[in-house]
Amino acid sequence: MAEEPDQEGSEAGSEEVVLTPAQLIRSLEQAWMNEKFAPELLESKSEIVECVVEQLEHMEENLGRAKGGDLKVGIHRMEVERIRYVLSSYLRCRLRKIEKYFPHILEKEKTRAEGDPSILSPEEFAFAKEYMANTEAHFRNMALKHMPPNLQKVDLLKAVAKPNLDSFVFLRVKERQENILVEPETDEQREYVIDLDEDSQHLIRYKTIAPLVASGAVNLI
Amino acid sequence: MDPAEVEFLAEQELVTVIPNFSLDRIYLIGGDLGPFNPGLPVQVPLWLAINLKQRQKCRLIAPEWMDVEKLEQIRDQERKEDTFTPMPSPYYMELTKLLLNYAVDNIPKADEIRTLVKDTWDTRIAKLRLSADSFVRQQEAHARLDNLTLMEINTTGAFLTQALDHMYKLRTNLQPGESAQSQDF
Amino acid sequence: MGEAYVPVEAGLGFEESFLSLGDILMSQERLPCRAEIALPRLAAVLGKAGPEPLAAVPEGTKLEIPLWLAKGLYDNKRRILSVELPKIYRESWRTVFSADANVIDLHKLGPFYYGFGSQLLNFDSPENVEIAQTILQTFIGRFRRIMDSSQNTYNEDTSVLVARLDELERVLFQVGQKGLNDFQSWERGQAQITATDLVQKYRKIKFIDLDS
């Protein structure tokens with residue numbers, strides 16, 4: 001059924017990474033946890049999502065042909081359900097962030113340089129735009145049109161809070177990192193550098209290690 | 001994260017079962033399992049082990065560390081040290097709960113094990129709160145927290161990170177100018 | 001897990017959050033001020049209405065106006081309005097706070113001690129640094145007690161514990177309680193991954209649709 005490791009996920013644009021189905025599921029789980037704990041919307045892992053969906057469809061097709069009640073089929077079904085849970089929880093977590101930060105996410109998308117990858121999947125982008133339009137229409141119809149003409153505008157970029165990149169996160173290190181600069185918290189303190197050993201765990205500001213989350217060198221927990 | 005979701009992750013840990021049925025190798029998306037032969041131990045993820053056990057298709061073998069003597073050592077060590085000692089499994093709490101709930105008949109001295117694990121947990125959570133308080137008091141910027149498990153982080157993590165966020169914002173009050181654009185509408 | 005409505009968090013520091021109900025309530029709290037110049041036609045708006053509705057507020061009048069209005073009228077170049085520090089942010093109270101912040105009933109004195117105090121810094125008081133310092137130290141000083149009480153109390157009436165907490169501390173207390181409650185109900189085997197309310201409702205709606 002799914003024994004042939006033929007899944008390809010092209011990550012970070014140019015380089016093609018070949019993943020076995022097992023590795024694919026693990027990267028989905030990683031993306032899920034990072035998304036859950038990161039204060040901002042991370043880059044969409046569209047390739048992973050597509051490959052997982054493909055795997056699930058393929059498996060379900062096979063299961064559809066199999067006779068029910070079989071122990072083996074039952075085990076496959078359970079696995080499919082578990083993977084589907086992670087997948088939908090991941091996508092839902094992203095939707096919730098889009099609902100929370102939509103003006104900033106759309107602004108980032110607007111100012112994105114040509115060729116840079118989008119942090120949104122095409123579906124998410126459509127969702128964000130629609131959410132923005134609906135919010136604006138709702139504000140206008142419910143309140144703003146009843147206001148004096150000079151008060152009929154709300155700048156959503158100012159009205160909706162930005163993600164707080166200064167918030168603290170817990171992380172586990174996957175690949176050793178050296179010379180991470182930790183900024184002082186108070187005037188009496190000084191900045192210092194730390195090394196992040198493999199498998200060590202830390203509590204630190206998201207901002208300090210955000211690039212390492214994006215590159216996959218650390219996992220949020 | 002929801003504790004049930006942490007448990008979900010714990011259910012991927014491999015445990016040993018002794019099946020009472022035969023089945024060929026299964027090629028799951030997440031990896032291969034089996035083959036299953038009656039009476040022969042085989043490793044499966046916990047979610048499957050529990051399911052098979054519920055259908056009376058296997059006997060579960062407790063992990064090596066799930067043993068009164070070993071857990072007493074772990075508990076004593078945890079009480080002696082100021083730092084977090086390494087746990088025998090990153091999901092020790094979840095595995096204990098799940099195995100004792102679903103396979104209590106396969107685990108000797110289940111009640112003692114439950115108490116020992118809970119005592120260890122309580123000691124660790126008390127330490128976690130102590131370190132959280134000193135982290136806040138010293139206004140530190142970084143802490144290394146090796147050996148803490150995901151479930152432990154999860155019970156106090158949201159509270160701590162939210163408190164640190166508030167504290168950070170209160171501290172930015174001391175640096176006017178930098179973030180002093182009040183919002184005008 | 002699947003809350004359909006997630007309230008907008010209050011901002012803190014110089015920034016208020018426009019869509020936060022907490023911040024709207026906070027900015028409605030009144031602030032003692034003095035009119036530094038005559039304010040034409042504002043008597044009615046500022047609650048000083050005499051027989052004449054469009055009368056001016058004379059220079060030197062003492063006012064108690066909501067924070068949002070004070071912010072709007074305040075201008076550090078043209079002295080329109082001067083703001084008086086509410087008593088809990090003044091030096092005498094700051095001394096009390098630094099002695100032992102834990103004994104203070106911040107709800108009675110606040111209830112938006114941190115949020116309102118941070119907003120006060122917009123008015124360029126010469127005591128700004130001391131106020132900001134006191135607010136920060138108060139939070140640090142009270143942290144342990146809030147953490148312990150929120151993480152030790154399972155299935156109990158918590159109204160006594162939160163009675164003396166400021167609004168921000170109450171939110172924090174609830175976060176701590178949620179962590180504890182979620183864990184305890186998981187431990188007792190009551191927590192399972194379930195479909196969210198929304199999904200369940202949606203299924204029902206679909207069902208009804210099919211029937212009709």
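User: Which residue stands opposite A:H202?

Analyst: A:H202 stands opposite B:R144, which is in β6(B). That pairing belongs to β6(A) and strand β6 of chain B (residues 142–144), which run antiparallel and are joined by three bridges. Two strands count as paired if DSSP finds at least two bridges between them. Helices (H or I, at least four residues) and strands (E, at least two) are DSSP runs, numbered from the N terminus.

User: Before I go on, what am I looking at here, and how is it numbered?

Analyst: This is a predicted model, where local features need pLDDT of at least 70 and side-chain atom pairs count only at pLDDT 80 or more, while totals for chains, interfaces and linings use all residues. Residues are numbered from 1 along each chain as its sequence is written, chains are lettered from A and ligands numbered from 1 in the order in which they are written, and side-chain values use heavy atoms, with hydrogens and water left out.

User: Ok, how many residues of chain A are in contact with chain B?

Analyst: 47 residues of chain A are in contact with 48 residues of chain B, contact meaning heavy atoms within 4.5 Å. The two chains bury about 4400 Å² between them, with 64% of it on carbon and sulfur atoms. Buried area is the accessible area (1.4 Å probe) that two parts lose on being put together, summed over both. On the chain A side, A:L71, A:R82 and A:Q201 lose the most area to chain B, together 16% of what that side buries.

User: What does A:R82 form a salt bridge with?

Analyst: With B:E11, and the closest N and O atoms are 2.7 Å apart. A salt bridge here is a side-chain nitrogen of Lys or Arg within 4 Å of a carboxyl oxygen of Asp or Glu. Between chain A and chain B the count is four.

User: Which others cross between chains?

Analyst: One of them joins the side chains of A:E185 and B:R171 (2.4 Å, N to O). A:E185 is in the loop between β4 (177–182) and β5 of chain A, and B:R171 is in helix α6 of chain B. Both A:E185 and B:R171 are buried; that means under 20% relative accessible area, with exposed over 50% and partly exposed in between (1.4 Å probe, protein chains only).

User: Switching to chain B: what does B:D105 meet in a salt bridge?

Analyst: B:K53, at 3.0 Å, N to O. This pair links distant parts of the chain: B:D105 is in the loop between α4 (92–102) and α5 (110–137), B:K53 is in helix α2 (residues 46–54), and they are 52 residues apart.

User: Are those two buried or exposed?

Analyst: B:D105 counts as exposed because its relative accessible area is 59%. B:K53 has 12%, so it counts as buried.

User: And where is B:L164?

Analyst: In helix α6 of chain B (residues 150–172). B:L164 is buried, at 2% relative accessible area. Not counting residues up to four places away in sequence, B:L164 touches A:F168, A:L203, B:F135 and B:V136.

User: Last one, which loop holds A:S44?

Analyst: The loop between α1 and α2 of chain A. A:S44 counts as buried, at 11% relative accessibility. Beyond its neighbours within four places in sequence, A:S44 has contacts including A:Y90, A:R94 and A:E124.
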